[in-house]
Amino acid sequence: MKRYALVLATVAALATAALAGVETPAPPAAGPAASAPNGGATGKLVWVAAPGRVEPVSEEMRLGFDIAGKITEVLVEEGDTVRREQVLARLWDADLKAAVAAAQAALAAREAELEKILAGARSMERKEAQAALAEADTVMRQARLEHERREKLLAGEVLAKEEADRAEKEYLVSRQRVEAARQRFHLVDDPSRAEDIKRAWALTDEARATLDRSKAYAAKAEIRSPIDGVVLRKHRRAGEMVSVSFDTPVVTVGDIGRLRVRADVDEKDIAKVREGQRAYMVADAYGERRFWGTVFRVAKILGRKNVRTDDPAEKNDTRILEVVIDLDQPGLPVGLRMDVFVIVEGEPEK
């Protein structure tokens, strides 16, 4: 009975240290399953204990839509491997596609108008304007000759004054028509004005920006994977509505090619922990097996605990410092709670 009581007291002390975070000599390895990667540890190891949780190297990325709508399809299932930029889910987007098509048509019209202004009049238009000018000039010369002839007849009192006035009027009208035809020819033949070209460019740029905005908004109806990884959780199904007023993730993805453990080191132990220290982790599901790793990052700000245990007496307002540990090997399930032991004195046998 005394030996049994001693064993219970030892186990209770180790469990309390793992939850609260203490500095104490590490217990000896129980056998091959509890040994370090190099086959064991020698000498006295002093460690800081902390609760931790397994996460992907990319952390867990909860992906949702940037706009509200109805999900038409979710293209992946939990456990699927996904590639960067792969489409994972879509919203109903018929109205968004129609807006893109309208913007494309408007841009095409503006570009055609710009090309017309830059090119100027076609050769056929120039020839037509030139022919109209020549015709008006011929009519004017004929009207001038008729006017001069009737002026002579009027001076000899052979022609009535009304006939002479009518000839003069026809001559003046023909001169005005020649001038109008000349202006028309210059308008067609001259290059476009600088202000017309600038206005055409501005309208084209505006139409192009409208198209880009329509495409960007339509792209919000799709969720694309930001990384190469695995679908860890599928939160929504086709037919469900999503909103931007509250958190509505559709899928959670992560890169589990490498794993990390995020540990909560108690405030009183933070001075002992630094980057590069070795650490090992144990979990109830794996018995006494140790999973080794290296401290990758130590946070620069204290916060509240992230990892909760099942101990009803656990304090929720404990201030902790996050420590991220790179695991030496993958294979653990994401989210697994582990007891972390950061070695602060002594080194495992090399």
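User: In which order do the 4 strands of the open sheet come?

Analyst: This is a predicted model, in which local features need pLDDT of at least 70, side-chain atom pairs count only at pLDDT 80 or more, and totals for chains, interfaces and linings use all residues. Residues are numbered from 1 along each chain as its sequence is written, and side-chain values use heavy atoms, with hydrogens and water left out. Strands are DSSP runs of E, at least two residues, numbered from the N terminus, and two of them pair if DSSP finds at least two bridges between them. The pairing in this open sheet is antiparallel, and the order is 3-10-8-5.

User: Which residue in strand 8 is the bridge partner of Val-82?

Analyst: Strand 5 (81-82) is an edge strand, as is strand 3 (61-63), and each pairs on one side only. Strand 5 is joined to strand 8 (residues 229-234) by 2 bridges. The partner of Val-82 there is Gly-229.

User: Is Thr-252 buried or exposed?

Analyst: Thr-252 lies in strand 10 (residues 251-254). Buried means under 20% relative accessible area, exposed over 50%, and partly exposed in between (1.4 Å probe, protein chains only). With a relative accessible area of 3%, Thr-252 is buried.
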